[in-house]
Amino acid sequence: MIKTEISVSILDCNFNDIQNEITKINNSSCDYIHVDIMDGKFVPNIAFDDETIKKIKLYSTKKLDYHLMVKNPKDYIIKCAKNNAEIISVHYEENDNVHNDLISIKNLGCKAGLAINPSTKITEVSKLFEYIDILLLMSVQPGKGGQNFLNSTFEKINDSKKLIDDMNYDVKIEIDGGIDNKVSRKLFDLGSNILVSGSYIIKNKNFNSAITSLRD
């Protein structure tokens, strides 16, 4: 049976009260805190600065799941590894050094994630599956929270799962963007292992209730 895990995106948190926000997530039944790092170049938005990353590390008792939406991932990989990264995911797009980045992540003792945008085909990246632990499929356009889930993700999960199984790789599938309890069950049933959810959980008064509804 596939183990279902939830990674809480903190983009919608109140960063003026970050300790309290992280404590609420610590007290929930989620598995990871999902930290989106944006440099304003790969995507238009910027998040998070070094000080915030240090605070997340300081306050979190959950495993940290870093998603690098940046032009030069190597500038951030070591920083994330030093800040208790369990998973570090780098994008395939606009990255001529993606293979080296994945190797660097593994050499630092973290799980290597390969993130791909909705428009990127699985066949483009399958050659990299032997170097990864996580395949992070974006189910929205990267860079902004609160977007609607793209139904084309369902077919991409099917394609990914078939290739992973055919090649006999131990790779978890993570889905990020627009996830609520209307799509979560189908995502898990298709073979997804980790669901990233932000606004659906953070805007719910009861985090555990929201997380349970994603799993159920």
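Here is a short chat about a few residues in a predicted model and the labels they get.

Me: What should I know about the model before we start?
Reply: It's predicted, so local features need pLDDT of at least 70 and side-chain atom pairs count only at pLDDT 80 or more, while totals for chains, interfaces and linings use all residues. Residues are numbered from 1 along each chain as its sequence is written, and side-chain values use heavy atoms, with hydrogens and water left out.

Me: Why is Ser 60 called buried?
Reply: Buried means under 20% relative accessible area, exposed means over 50%, and partly exposed is in between (1.4 Å probe, protein chains only). Ser 60 comes in at 13%, so it counts as buried.

Me: Where is Ser 60 found?
Reply: Look in the loop between helix H2 (50–59) and strand E4 (63–69). Helices (H or I, at least four residues) and strands (E, at least two) are DSSP runs, numbered from the N terminus.

Me: Which residues is Ser 60 in contact with, leaving aside neighbours within four places in sequence?
Reply: Ile 22, Asn 26 and Ile 33. Contact here means heavy atoms within 4.5 Å. Separately, a polar atom of the Ser 60 side chain lies 3.0 Å from the backbone oxygen of Lys 62.

Me: What makes Ala 47 buried?
Reply: Its relative accessible area is 9%, so Ala 47 gets that label. You'll find Ala 47 in strand E3 (residues 46–47). Setting aside neighbours within four places in sequence, Ala 47 is in contact with Leu 11, Asp 36, Ile 37 and Met 38. Leu 11 is 36 residues away from Ala 47 in sequence, with 8.2 Å between their C-alpha atoms.

Me: Which residues touch the most other members of the largest nonpolar core?
Reply: Out of its 58 residues, they're Ile 10, Ile 25, Ile 37, Leu 68, Ile 175 and Leu 187. Helix H9 (residues 207–215) gives this core its largest share, four residues. A nonpolar core is a set of buried Ala, Val, Leu, Ile, Met, Phe, Trp, Tyr and Cys residues joined through side-chain atoms within 4.5 Å.

Technical notes. A polar contact is a pair of N or O atoms within 3.5 Å; within protein, one must be able to donate a hydrogen and the other to accept it, and residues adjacent in sequence count only if both atoms are side-chain atoms.
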